[in-house]
Structures are given as C-alpha cells and as structure tokens.
Amino acid sequence: MNLFTMAEAANNYSAAGAGKTKIPTAKMLLLGILAGFLIGVPSVVTNMATYTITNASAVRIIAGVLFAFGLGTVVLTGAELFTGNTLIVISVLDRQATVGGMLRNWLIVYAGNFLGSLLVAGICARFGWLGSGGLAAFSLRLAVTKMTMPFENAFFMGVLCNILVTLAVLLSLSAKDVAGRFLGAWVPVMFFVVAGFSHSIADMTYCALGLFGKTVPAAAQAAAQMGVDLTALTWGRYFLGNMLPVTLGNLLGGLLVGAGAWCCHLRRAK
C-alpha cells in the first residue's frame, strides 16, 4: 500500500517529534523562520487574490484553495511550524521526548515563525506591495477584524483551527509520495480557512500587514477613506487581542489531537 496507517503515522511521528526536540538551537530557529515565511507568503497571496471580491463565500473558498498549499511546503521542506509541532506531545506521552525538550522546541520555533512572518509583512508593507487602493484597505481592515475579535471567540476559533492543522500533518505523513503528502496537508487546511478559523502563524502576517501598513501614508489613507478604524491597529491589540488567545487555542487543539492519536494508536501497542 502506498500509505502508512494512522497507527503507523502516529508511531513515525513519535520518533520524528523526539528528533525535533534535539535540533540545535540555531538550526531550529532558522527552520522556524523558514516556516513563518512559507505561511506568510500564502497569507499575502490570499489578500491579493480576494481583495476585489465582494461575495464573502467566494472570498473564503478562493483563500482556502490557495492558502492550503502552505502547510505542504512546510512539511516537504522540513521547516519547523509551531502549530504542527504541538504534536510533539505524542513523543512525550510515548516517552521518547521530555517535556523540557518539547517546550524548548515550541519557544524557539514560535520565535522563528514570528520573525519569518514579520519579514514577509514588513517587506510587503514597506516596499509598495500594499499600494494605495483597495488592497491596502482590505489588508488593514482584515487586520483590525482579527485584532478586535472577542478573546473567547479567538480562542475557540484557534482550537478548531489546530485540530484540523495537526490532523493535516498526520494525514500528510501517512502518505509515501509527494502528491499524497501535499493532498493530505491541503484538505484540512482548506477546510479551516473556508470555515474562518484562526491560525496564529498566519495571523502573525495578516495582523502585521495592518500594523506596518498603518505607518505607510498612502496605505493608511486608502484604508481610512474606506472607513477602517486605524486606531485599533496597535501592538497591544496584536499580542493581547490576537496572538495570545489564538496561540492558546491552537495549543489546546494540537494537544487534543496529539493525545488522542497516542491514546488510540500507541498506548495499547506499547
């Protein structure tokens, strides 16, 4: 068969997750930056592809189809993505990794993802990509929407999102060929984007585009003319209004899938 069973995939991840905790710090940070970049690029692609479309369902469907290729590139390049790495809990429960090693990976990878995301957003905002019209207004409005969501809403949208993302990682790793790995990663991610769930690493770019765009006069003016509340674009809202609740939600969602995979497929076998 051209695939691993889910039990085999979970067992394979247990070993792979243990290896992730032992990556040297500099390499881990660089791989985290790469993943932040690889998720940031689809984020700006979806803004560019949908900013002229007024039908909300069409916006989400197009965004879902395009954005979902990002996780496949992360998996195949070996980049380190915080949301997917919440599955390292499988390795910990399987006694192949320590809690300390898992937390070290999460912190370093999250920092790298943050830097990679800011790199994409900063370049796009500072060097003319946002422009002075509809794209700028759309991007800044989206950032405001994400940063002003009620805490509990952002948290639970984060939970649902990372249930799908971590399932996508396991499905991708169950395939033995490139096409299968891409498709396994693509379908659940497409679902979460169309549904409107919240992914902390993608939101790093979406929200940073708003913050950086606010400092570009042409982009800020275009957004203001379209009624975007620029006062809502602050670093405080970035971290407390979006990053904190969405990251916590992503963490819980990933832990639920990881613990569930271990309990169903590895606990009795061990």
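**Core, buried residues and a helix pair**

The largest nonpolar core has 75 residues. Those with the most contacts inside it are Phe67, Leu71, Val74, Val189, Phe192, Leu233 and Tyr238. A nonpolar core is a set of buried Ala, Val, Leu, Ile, Met, Phe, Trp, Tyr and Cys residues joined through side-chain atoms within 4.5 Å. Buried means under 20% relative accessible area, with exposed over 50% and partly exposed in between (1.4 Å probe, protein chains only).

This is a predicted model: local features need pLDDT of at least 70, side-chain atom pairs count only at pLDDT 80 or more, and totals for chains, interfaces and linings use all residues. Residues are numbered from 1 along each chain as its sequence is written, and side-chain values use heavy atoms, leaving out hydrogens and water.

**Around the core**

- Leucine 71 touches Ile39, Leu81, Val165, Ala168, Val169, Ala185 and Val189, not counting residues up to four places away in sequence. Contact means heavy atoms within 4.5 Å.
- Alanine 68 sits in the loop between α3 (56-67) and α4 (69-77). Helices are DSSP runs (H or I, at least four residues), numbered from the N terminus.
- Alanine 68 counts as buried because its relative accessibility is 1%.
- Beyond four places in sequence, alanine 68 contacts Ala185, Trp186, Val189 and Met190.
- The C-alpha atoms of alanine 68 and methionine 190 are 5.0 Å apart, across 122 residues of chain.

**Buried asparagine and glutamate**

- Asparagine 113 belongs to helix α7 (residues 99-126). With 0% relative accessibility, asparagine 113 counts as buried.
- The asparagine 113 side chain reaches the backbone oxygen of glycine 32 at 2.7 Å.
- Outside four places in sequence, asparagine 113 has contacts including Gly32, Glu80, Ile201 and Met204.
- Glutamate 80 lies in the loop between α4 and α5 (82-85). At 3% relative accessibility, glutamate 80 also counts as buried.
- Among the contacts of glutamate 80, leaving aside neighbours within four places, are Lys20, Gly32, Asn105 and Asn113.

**Helices α11 and α13**

- Helix α11 (residues 200-214) packs on helix α13 (residues 235-265) at about 170°, with axes 10 Å apart. Axes are lines fitted to C-alpha atoms over the stretch in contact, and angles run from 0 to 180 degrees between N-to-C directions.
- α11 is therefore roughly antiparallel to α13 (angles over 145 degrees).
- From α11, the contact uses Ser200, Asp203, Met204, Cys207, Ala208, Leu211 and Phe212. From α13, it uses Trp235, Tyr238, Asn242, Met243, Val246, Thr247 and Asn250.
- The residues of this contact divide into nine nonpolar, four polar and one charged. Ala, Val, Leu, Ile, Met, Phe, Trp, Tyr, Cys and Pro count as nonpolar, Asp, Glu, Lys and Arg as charged, and the others, Gly among them, as polar.

Definitions and conventions: Helices (H or I, at least four residues) and strands (E, at least two) are DSSP runs, numbered from the N terminus. Angles under 35 degrees count as roughly parallel, over 145 as roughly antiparallel, 65 to 115 as roughly perpendicular and the rest as oblique. A polar contact is a pair of N or O atoms within 3.5 Å; within protein, one must be able to donate a hydrogen and the other to accept it, and residues adjacent in sequence count only if both atoms are side-chain atoms.
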